[in-house]
Amino acid sequence: MNRRELIALGGSAALITVTGGALAGDWPSKPVTVISAYPPGGTSDIITRIVADLLTAQFGQQFVVENVAGAAGALAGGKLARSAPDGYTILVSGSAPIAANKVVQKNLAYDPQTDFAPITVVAESTALLTASTKAPAQTFPDLIAYAKANPGKVNIGNPGAGTKGHICAAMIGLQTGITLNHIPYKGSPPLMSDILGGHIDFALDAPSNYLPHLKDGKIKALAVTSAARQPELPTVPTVAEQGLPGFEATLWFGAVGPKGMPVEIVNAIQTSIKAWTETPEAQKKLASLGLVPVANTPEQMRGSIQREIDSVKALVEAGLVQPT
């Protein structure tokens with residue numbers, strides 16, 4: 001990666017230093033595989049590629065993205081769990097394969113809490129509820145009213161089972177007493193294509209891919225799930241503002257390695273990501289995607305995973321999320 005490409009990415013290798021002593025052996029002495037759990041083009045994959053590029057610039061060795069899409073991220077999670085814990089394979093993904101899959105998939109081939117080594121939550125964002133121009137409701141209150149008048153007829157797409165779009169729809173259903181049918185897609189790009197084409201009425205997803213189409217009037221933004229309105233969507237009210245006080249849900253994107261990955265490598269990767277997120281260029285890049293940096297510690301990420309699992313488990317126990 002040349003300097004121009006790195007600056008375009010939003011960081012500078014000169015600003016990133018790794019502390020904490022020598023790494024294991026001469027790591028990395030060969031390319032490192034960075035698994036992306038979703039198809040190219042979605043927010044999760046974009047974050048994966050950003051992380052791979054900044055680590056390539058930092059360590060002087062190629063961090064190569066490998067898309068392992070399918071089964072709502074479970075294929076990618078399984079591949080990571082089977083990988084050697086030598087620092088040459090990591091996963092960067094939205095939270096579903098790192099956390100929620102534990103409770104939304106019945107026959108998951110791995111346990112994200114025991115088979116992964118947390119590295120860091122890279123960034124987080126609101127979830128965005130959008131409607132096609134053909135949808136029977138063009139505001140959040142109208143959607144709730146329509147769902148109450150037409151039980152079982154509202155379909156809301158999301159980029160996969162266990163994603164925050166799936167979970168947010170269940171949370172809205174719980175708090176309003178309506179039924180919102182969960183329609184999982186294989187990532188964000190096919191979902192966005194269908195809502196643009198009017199093949200599905202509503203979608204709940206990370207906002208980044210939808211922003212240009214909102215500006216063009218091709219789809220309508222109904223609500224954001226964060227506690228406050230978002231700078232890139234200042235006219236879009238929150239769910240909490242529209243009849244559900246206290247409603248708040250964010251989605252996050254994190255990096256993990258296989259269980260047993262050397263602590264010094266975990267810390268080196270986390271330190272590099274954190275240093276990058278503290279640069280103005282990185283913050284501007286993330287903001288353009290509707291994201292805010294987190295870059296927490298491995299132990300803090302472990303807490304993020306536990307909280308995600310607990311919140312989804314409550315929805316499963318309430319019968320609002322059906323494990324598959």
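I began with helix 9 (residues 263-277), whose 15 residues reach 21 Å from first C-alpha to last, close to the 21 Å expected at 1.5 Å a residue. The expected span is 1.5 Å times one less than the number of residues. Helices here are DSSP runs of H or I with at least four residues, strands are runs of E with at least two, and both are numbered from the N terminus.

I noted the ground rules: this is a predicted model, where local features need pLDDT of at least 70, side-chain atom pairs need 80 or more, and totals for chains, interfaces and linings use all residues. Residues count from 1 along each chain as its sequence is written, and side-chain values use heavy atoms, without hydrogens or water.

Buried means under 20% relative accessible area, exposed over 50%, and partly exposed in between (1.4 Å probe, protein chains only). Ile269 and Trp276 are among the buried ones.

Five strands form an open sheet in the order 7-6-8-5-9, with mixed pairing. Strands pair if DSSP finds at least two bridges between them. Strand 7 (181-184) and strand 9 (219-224) stand at the edges with a single partner each, so one side of each has no neighbour in the sheet. Strand 5 (residues 128-132) and strand 9 run antiparallel, joined by five bridges. Threonine 130 has alanine 221 as its bridge partner in strand 9.

Last, I checked the rings. Rings of Phe, Tyr and Trp (its six-membered ring) pair if their centres lie within 6.5 Å; planes under 30 degrees apart are stacked, over 60 edge-to-face, the rest tilted. I count four aromatic pairs by this rule. How do tryptophan 27 and phenylalanine 59 pair? Their centres are 5.1 Å apart and their planes at 65°, so the pair is edge-to-face. Phenylalanine 59 also pairs with phenylalanine 63, tilted, at 6.0 Å and 35°. Trp27, Phe59 and Phe63 form one aromatic cluster. Tryptophan 27 is buried at 6% relative accessible area, and phenylalanine 63 is buried at 3%.
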